[in-house]
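Biologist: Please show me the model. Then I will ask what stands behind each label.

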Amino acid sequence: LLKSEKKSDDSQDDSKDESTAKGSLDVSDIVEEAMPSIVSITTKSVEEVQNYYGMFGQYGAYSPEQREVQGSGSGIIIGKTDSELLIATNYHVVDGADTLSVAFADGKAYEATVKGFDENEDLAVVSVATKDVSDDTMDAIAVAKIGSSDDLKIGEQVVAIGNALGYGQSVTTGIVSAKNRKTDASGQIESGDSTDNSSSINKGVNLIQTDAAINPGNSGGALLNMDGEVVGISSSKLASTEVEGMGYAIAISDVADSLENMMNAKARDKVDNHGILG
């Protein structure tokens, strides 16, 4: 009888341990492991604005004036070679940028160039020459672990890391709210939810919907599963007084081939209107 009771107690302990292991995953451990692979991207571009010159109500004239505009976004280190570090981000982060700089986990920033991009998929890969990167920075960074977005389940917990509002890396958590969200030709989220892949042809990308906060500057950052693997590239959110908790990330499994092609493309100083893909 005592042996039987002990066996029963052991069985309960094992069940408790299994439940605890499944239900108490520590986000801080995931973040600590993943943060070295996440970068902040700063862009600068020059745009022309029209200023009106006039005095005391008299007729004036419009005069063009150039001003520098700065933008911010995020990126994920997805590759490392002898000559360069390769970083995935969104196309809209680097679109029109005259200069790019990438800040790594140790806070040090380096000049970057665009390797490849695909406007339709809202993807780009930028590179940083390893010869420019200090040994301390190289020791502080890591290549991200890539997971499978196909294996995600609705309700599964996810973690988003990105350069929100350009303030530096921050972390938000949530769940997978939906899968297989589609964008139309204009890049807007379709109201219908179809799992038919044919419906997305020439209509953008397949998106993961999440209620983890995705804010400006998060674009290009990582959406991680609870194994610390990248399952999505944060790309957009629905912003409205009537909407809450609807962020979107590009499903990583659907764009793996595109990213591979971009990684092998020729670097350029500035994104122009001649895409490498598509």
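The questions below go from the whole chain to single residues, and then to the cores.

Modeller: This is a predicted model; local features need pLDDT of at least 70, side-chain atom pairs count only at pLDDT 80 or more, and totals for chains, interfaces and linings use all residues. Residues are numbered from 1 along each chain as its sequence is written, and side-chain values use heavy atoms, with hydrogens and water left out.

Biologist: How many helices and strands does the protein have?

Modeller: Five helices and 12 strands. Both are DSSP runs, numbered from the N terminus: helices (H or I) have at least four residues, strands (E) at least two.

Biologist: How much of the protein is buried?

Modeller: Of the 278 residues, 40% are buried. Buried means under 20% relative accessible area, exposed means over 50%, and partly exposed lies in between (1.4 Å probe, protein chains only).

Biologist: Why is Ser40 called buried?

Modeller: Its relative accessibility is 11%. The limit is under 20%, so Ser40 counts as buried. Ser40 sits in strand E1, residues 38-53.

Biologist: What makes the link between Ser40 and Gln169 a polar contact?

Modeller: A polar contact is a pair of N or O atoms within 3.5 Å; within protein, one must be able to donate a hydrogen and the other to accept it, and residues adjacent in sequence count only if both atoms are side-chain atoms. The side chains of Ser40 and Gln169 make such a contact at 3.1 Å. Beyond four places in sequence, Ser40 also touches other residues, including Gly73, Ser101 and Asn163. Contact here means heavy atoms within 4.5 Å.

Biologist: What makes Lys145 and Glu33 a salt bridge?

Modeller: The rule asks for a side-chain nitrogen of Lys or Arg within 4 Å of a carboxyl oxygen of Asp or Glu. In this pair the closest N and O atoms are 3.1 Å apart. The two residues are 112 residues apart: Lys145 is in the loop between helix H4 (135-140) and strand E7 (157-162), and Glu33 is in helix H2 (residues 27-34).

Biologist: Why are Lys145 and Glu33 called partly exposed?

Modeller: Lys145 has a relative accessible area of 39%, and Glu33 has 49%.

Biologist: Which other salt bridges turn up?

Modeller: The whole structure has three. Lys115 and Glu84 meet at 3.2 Å, N to O. Lys115 lies in strand E5 (residues 109-118) and Glu84 in strand E3 (residues 84-89), so the pair ties together parts 31 residues apart in sequence. Both Lys115 and Glu84 are buried. Asp132 pairs with Lys131 at 3.3 Å. Asp132 is partly exposed at 42%, while Lys131 is exposed at 72%.

Biologist: How do you know that the buried residues of H2 lie on the same side?

Modeller: They are Val27, Ile30, Val31 and Ala34. They cover an arc of only 95° around the axis, which puts them on the same side of H2. The arc is that of the directions from the helix axis to the C-beta atoms.

Biologist: What makes a set of residues a nonpolar core?

Modeller: The members are buried Ala, Val, Leu, Ile, Met, Phe, Trp, Tyr and Cys residues, joined through side-chain atoms within 4.5 Å. The largest has 28 residues, and Ile76, Leu224, Ile233 and Leu259 have the most contacts inside it. H2 gives this core its largest share, four residues. A second, separate core of 22 residues includes Ile41, Ala97, Val114 and Met138.
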